[in-house]
Amino acid sequence: MNPVTRGQKDMNNDIIIEAWNTVLFDKYLRFKHLFVEGLSAHSNQVLGRQGYRPGIKVLDVGCGFGDSTISIAKLIGADGKAIGVDCAERFITSSKEDAAAAGIDNTEFQVADVAVDDLGGPYDEAFSRFGTMFFNMPGLAMKNIRKSLKPSARFTQVVWRKREDNPWLHDAEMCVKEIVPVISHDETDAVHCGPGPFSMAGPDMVSDMLLSTGYENVNFERFDCDICIGRDIDEAVEFAMAYGPAGEIIRLAEDEGERLKPTVMKALHKVFEKYVGGEGRIWAPSSAWIISAYNPS
Ligand SMILES: C[S@@+](CC[C@H](N)C(=O)[O-])C[C@H]1O[C@@H](n2cnc3c(N)ncnc32)[C@H](O)[C@@H]1O
C-alpha cells in the first residue's frame with residue numbers, strides 16, 4: 001500500500017487498514033490465544049442463544065482470526081454459509097487457514113472494507129464480536145451492512161461498554177498516561193487503529209446512529225464476565241503494553257515509549273496484582289453491550 005499523507009488520512013480507511021494489516025495484526029497474532037479463548041466467552045454467550053436456523057447465510061463483520069465465523073458455521077450446518085469479512089488481508093489469510101485446518105467447509109472469507117465494499121448477501125443474519133468499534137466511518141459502515149441484509153434480518157454486535165467497567169483496559173491506560181507522553185492521532189504520521197475500543201460504548205449515540213442508518217427495534221443488553229488477560233502476570237503486563245489504548249500510547253510515543261517501558265512494566269504489575277486467580281492466571285472484570293437491530297421488513 002502507498003504511504004498515506006496526513007492531508008488524506010481522515011478521508012478514507014487507508015491508514016486504519018494499513019494498521020490492521022501490519023503492527024496491529026502482529027500484536028494480535030502474538031496474543032491470539034488470549035483473543036480466541038478470552039473473548040469467546042462473549043461470542044459463545046450470544047451465539048448460543050441466537051437461534052440461527054440450519055441453512056441460513058450469516059455475515060461476520062470484522063471477523064479477525066475467524067474463530068467466531070467458524071462457530072457460526074458449526075451452528076448453521078452444511079447447508080448454511082458463514083461469511084467472514086475483514087479489511088485486513090492477513091486476518092483473512094489466517095481465517096482461511098484455520099477453517100481449512102478445522103475441516104470446516106461452509107465458511108467463506110473475504111477482504112472487504114465494510115464501509116464501502118460490496119458485502120455480498122442478501123444475509124439472514126449479521127454478527128460482529130468487537131469488530132465495529134474501530135470503524136473510521138461508522139455511519140457508512142452500518143448502512144452498508146444493513147443494505148446486505150434481507151428484509152427483517154437482524155444485526156447483532158458485541159461492543160465494549162464504558163471504560164470504567166473494563167478496568168483491564170482503562171486502569172492500564174490511566175497508568176501508562178501517568179508515565180508516557182500522549183501523542184494524539186493528529187500529531188503523528190504513524191498508522192493507528194481508528195476510533196478505539198470504547199467508541200460504541202454510549203447507547204444514546206449508537207442507537208441514534210443505528211436508527212439514522214435505517215435500522216429499527218434497537219436493543220441493548222449488558223453482559224459482564226471476567227476474562228483471562230494473561231496466563232501469568234508477566235503476560236498480562238505484556239498484553240496491556242501491546243493492546244488497547246495503553247499499547248497505542250506507548251507505540252505512538254515511539255522512542256520515548258520504548259525508553260519508558262521498564263517503568264511502565266513495574267507500574268502495570270501493581271495494577272494487575274489484584275486480579276491474580278487460580279493457577280496464577282489473570283482474570284479481570286469486563287463489560288460489554290450485546291446490541292441487536294433489524295433491517296425493516
Ligand atoms: C478488535 S478486532 C476484532 C476481531 C474479531 N471479531 C474478534 O473478536 O477477535 C477488529 C477487527 O475489525 C477489522 N476492521 C476494522 N475496520 C474495518 C473495516 N472498515 N472493514 C472491515 N473490517 C474492519 C480489523 O481488521 C480487525 O480484524
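Two residues are in contact if their C-beta atoms, placed from the backbone, lie within 7 Å. This briefing applies that definition to a predicted model, in which the buried residues of helix α1 pack against α2 (23-30) and α6 (89-101).

**Helix α1**

- Of the 8 residues of α1, 6 are buried, so this helix is largely enclosed by the rest of the structure.
- The buried residues of α1 are Ile15, Ile16, Ile17, Ala19, Trp20 and Asn21.
- These buried residues pack against two helices, α2 and α6.

**The shell around the ligand**

- The ligand is surrounded by 23 residues, and the closest are Trp20, Gly62, Gly64, Cys87 and Arg129.
- Helix α1 (14-21) and strand β2 (81-86) each supply at least two residues of the shell.
- By class, the shell has 15 nonpolar, 5 polar and 3 charged residues.

**Helix α10 and its surroundings**

- In α10, the buried residues are Ala236, Val237, Phe239, Ala240 and Met241.
- The elements against which these buried residues pack are α3 (32-38), α8 (167-177), β6, α11 (244-252), α12 and β7 (282-294).
- Just after α10, Gly244 takes a positive phi of about 70°.

**Helix α10 against helix α12**

- Two packed helices are described by the angle between their axes and the distance between the axes.
- For α10 (residues 233-242) and α12 (residues 254-273), the axes come within 9 Å and cross at roughly 120°.
- This angle makes α10 oblique to α12, and the crossing is right-handed.
- On the α10 side, the contact is made by Ile233, Ala236, Val237, Ala240 and Met241.
- On the α12 side, it is made by Lys261, Val264, Met265, Leu268, His269, Phe272 and Glu273.
- The residues of this contact divide into 9 nonpolar, 1 polar and 2 charged.

**Helix α10 against helix α11**

- The axes of α10 and α11 come within 5 Å and cross at roughly 65°.
- That angle makes α10 roughly perpendicular to α11.
- In this contact, Ala240, Met241 and Ala242 of α10 meet Gly244, Ala246, Gly247 and Ile250 of α11.
- The contact of α10 with α11 contains 5 nonpolar and 2 polar residues, and no charged residues.
- Ala240 and Met241 take part in the contact with α11 and also in the contact with α12.

**Backbone at selected residues**

- The peptide bond from Gly121 to Pro122 is cis, with omega near 5°.
- Pro122 is found in the loop between β3 (107-111) and β4 (123-129).
- Asn217, which lies in strand β6 (residues 216-230), has phi near 50°, a positive value in a residue other than glycine.
- Asn217 counts as partly exposed because it has 13 C-beta neighbours inside 10 Å.
- Glu254, which lies in helix α12, has a positive phi of about 50° although it is not a glycine.
- Glu254 is exposed, since 12 other C-beta atoms lie within 10 Å, and a residue with 12 or fewer counts as exposed.

Key
Residues are numbered from 1 along each chain as its sequence is written. This is a predicted model: local features need pLDDT of at least 70, side-chain atom pairs count only at pLDDT 80 or more; totals for chains, interfaces and linings use all residues. A residue is near a molecule or strand if its C-beta atom, placed from the backbone, lies within 6 Å of it. Helices (H or I, at least four residues) and strands (E, at least two) are DSSP runs, numbered from the N terminus. Ala, Val, Leu, Ile, Met, Phe, Trp, Tyr, Cys and Pro count as nonpolar, Asp, Glu, Lys and Arg as charged, and the others, Gly among them, as polar. Axes are lines fitted to C-alpha atoms, for helices over the stretch in contact, and angles run from 0 to 180 degrees between N-to-C directions. Angles under 35 degrees count as roughly parallel, over 145 as roughly antiparallel, 65 to 115 as roughly perpendicular and the rest as oblique. A crossing is left-handed if the near helix is turned anticlockwise from the far one by less than a right angle, and right-handed if clockwise. A residue is buried if 20 or more other C-beta atoms lie within 10 Å of its own, exposed if 12 or fewer, and partly exposed in between; C-beta atoms are placed from the backbone.
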